[in-house]
Amino acid sequence: MLSTEKQRKKKSNEMEMSGSEDVRVEIPQGNQPEPVDKINIHDVAREWEGCFEDNDNTQHSERKRQMQKVHPLLLKGEKGERNRHCYEPAVVSLGPYHHNRDDFSAANEYKLVTLEEYRLSCGTQNNSMDSLYLYNKVFEVIHDARKCYIHGSTDEYNDEQFNRMMLLDGCFILFFIECVASQNTMLMLNNEYLGALGFAHISRDILLLENQIPFIVLQVLLDLRFPEDRGERILNWFFNYLNYGEIIGKEENVLEKKQPLHLLELYRSYFISLSSCFAHVQSSNSSMWHWRENLDIDTNEKWNYVKRNRSFASVTELKAKGIFLKCTKVDDESSNGDIKFHSHYCYGELELVSRAVYSNSKAIYLNMIAYEMCPHNPNDFRVSTYIRVMKSLVIRPDDVKELRDNNILLHSLGRDEDVVKVYDEIDAPAVNVHMFNQLRRGIEKHCNNKYKTWAAELINIYFSSPWKTMALLVATAILITSFLQTYFTIWPDD
């Protein structure tokens, strides 16, 4: 009884303490993550909103960004499992995320060759000192480069090992880019060490999200190799090769005094610089307008994501409605849109930039989308939006044929069905709804205009070819002649 009474008083005292004193939970100090910079959540929200509304792809967050890995949600589901290999390097590892894999031994041996070739191309004289000089120049930015990777991913490498990795990988990337852009015969060294199939995968591997090295390392090596802005010109030529399938002379400032996080981010900036806005032109004489100026948007639709994000008609269906394709010329400096829609009086015009689709396009598109899906990375989802538009336009092989005939889509996949399959297997989980909805509303408004669709049907049925036009004229002449003959038979001229 006494012990029971003591326990009851003890519990009563504990209850009184819990009601009157603060309760603290001590968290062990071991294995604590590094503190992150304090940010204002309202500023973060406004930053994301600005990316969507202002269509500004040149400004980047002032917050510290890191090289993320592919978001796990992109690897789930049937398509995610099927596309998993598109995020993994095939012949060469770059950076720490896939380092020291046994299946990349041939590429690691080749990196030593590219280091020597890159050193010689810098115009050096003393072999040992020159190699050490390259090493020391990269070492100057090694601590900043290490911070670019997610916490813990570089812990197993000391500064010397990490610096050697950055030097070898950077020289490998730039040697390949220069050989492709300059059409240098030294490019055949890739076949010697990696084989023809390995060579075909290098341009894919250097643009994988998890296979990047900090651009500050590449910038150091570029400045040592190329005077003035020739390094930027080499990058531009290489990007032209990826986008158009050939080295073309169009000059663009791909860097524009920006400091990208890595090469993939820089290529994405180049890719969307061809599409600075998805523009809708109301008539042939009107100017482009942004979504915020469209005051007639239904309020219910403004907040209905599903309704605003729905697909529109394919290329062949649009053609039946009198909307025809037009290729934007690469050298057209006045062109500031990758996809533009013009609604004229009797027909519509969908304007697109020419692009190449080849064996590596799927992997490169998926990794640019994966980059856009990374957290702590405010962006406008421009590539995802472009892919969503193309998925709407390309449904069947006839759509690909129309794009080919108008020099908008160039492909080396053999069959048009393979191009349809490429776009079908690429998912764009999130898009810039403002841009996509702007284009969709312009197209739907044109298609819902009966006068314009009737005119389109007349053109498609009777004026789609010279023979149909001639047949219509002959039939019209016969009809008029028959009418006049009947008229003068009934009412002969006195």
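1. Which residues in the largest nonpolar core touch the most other members? They are Ile 206, Leu 263, Leu 350 and Leu 393, out of 112 residues in that core. Helix α7, which covers residues 159–182, gives the most to this core, with 15 residues.

2. The protein chain averages a pLDDT of 76, and 69% of the residues score at least 70. Two stretches deserve a flag. Over residues 55–60 the pLDDT is below 50, and this stretch has 15 contacts in the model beyond near neighbours in sequence. Residues 275–297 also have a pLDDT below 50, with 61 contacts beyond near neighbours in sequence. Where pLDDT is low, the predicted coordinates should not be read in detail.

3. Now the overall make-up. The protein chain has 21 helices and 6 strands. Of its 494 residues, 47% count as buried. Taking contacts between residues at least 6 apart in sequence, 76% join residues at least 24 apart. The chain exposes about 26900 Å², and carbon and sulfur atoms supply 54% of that area.

4. Back to Ile 206 from point 1. Leaving out residues up to four places away in sequence, Ile 206 touches Leu 94, Ile 173, Phe 176, Ile 177, Gln 212, Phe 238 and Leu 263. Leu 263 is itself among the residues that touch the most other core members.

5. Leu 263 takes us to helix α11, residues 263–273. Here 10 of the 11 residues are buried, so α11 is largely enclosed by the rest of the structure. The buried set is Leu 263, Leu 264, Glu 265, Leu 266, Tyr 267, Arg 268, Ser 269, Tyr 270, Phe 271 and Ile 272.

6. Helix α16 is worth a look of its own. This helix, residues 382–393, has 12 residues and reaches 17 Å from its first C-alpha to its last, close to the 16 Å expected at 1.5 Å a residue.

7. Within α16 sits Val 389. At 1% relative accessibility, Val 389 counts as buried. Its C-alpha is separated by 9.9 Å from that of Val 431, which is 42 residues away along the chain.

8. On to the strands, starting with β4 (residues 348–353). 6 of its 6 residues are buried. Both faces are covered: Gly 348, Leu 350 and Leu 352 lie on one side, with Glu 349, Glu 351 and Val 353 on the other. Leu 350 is also one of the residues that touch the most other members of the core.

9. What are the partners of β4? Strand β2 (residues 323–328) runs parallel to β4 and is joined to it by 6 bridges. In that pairing, Thr 328 stands opposite Val 353. Strand β3 (residues 339–343) runs antiparallel to β4, with 5 bridges between them. A hairpin of 4 residues joins β3 to β4. Lys 340 has Glu 351 as its bridge partner in β4, and Phe 341 has Leu 350.

10. Strand β3 is covered as well. 5 of its 5 residues are buried, so β3 is largely enclosed by the rest of the structure. On one side are Ile 339, Phe 341 and Ser 343, on the other Lys 340 and His 342, and all are buried.

11. Last, Phe 324 in strand β2. Buried or partly exposed? Phe 324 is partly exposed, with a relative accessible area of 27%. Phe 324 and Tyr 347 are 23 residues apart in sequence and 7.7 Å apart in space, C-alpha to C-alpha.

Note on methods
Residues numbered from 1 in each chain as written. Predicted model: local features only at pLDDT ≥ 70, side-chain atom pairs only at ≥ 80, totals over all residues. Heavy atoms only, no water. Core = buried A, V, L, I, M, F, W, Y, C linked by side-chain atoms within 4.5 Å. Buried < 20%, exposed > 50% of the residue type's maximum accessible area, 1.4 Å probe, protein only. Helix = DSSP H or I, 4+ residues; strand = E, 2+ residues; numbered from the N terminus. Contact = heavy atoms within 4.5 Å. Pairing = 2+ DSSP bridges. pLDDT = per-residue confidence, 0-100. Areas by Shrake-Rupley, 256 points an atom, 1.4 Å probe, with all protein chains shown as cover. Expected span 1.5 Å × (residues − 1).
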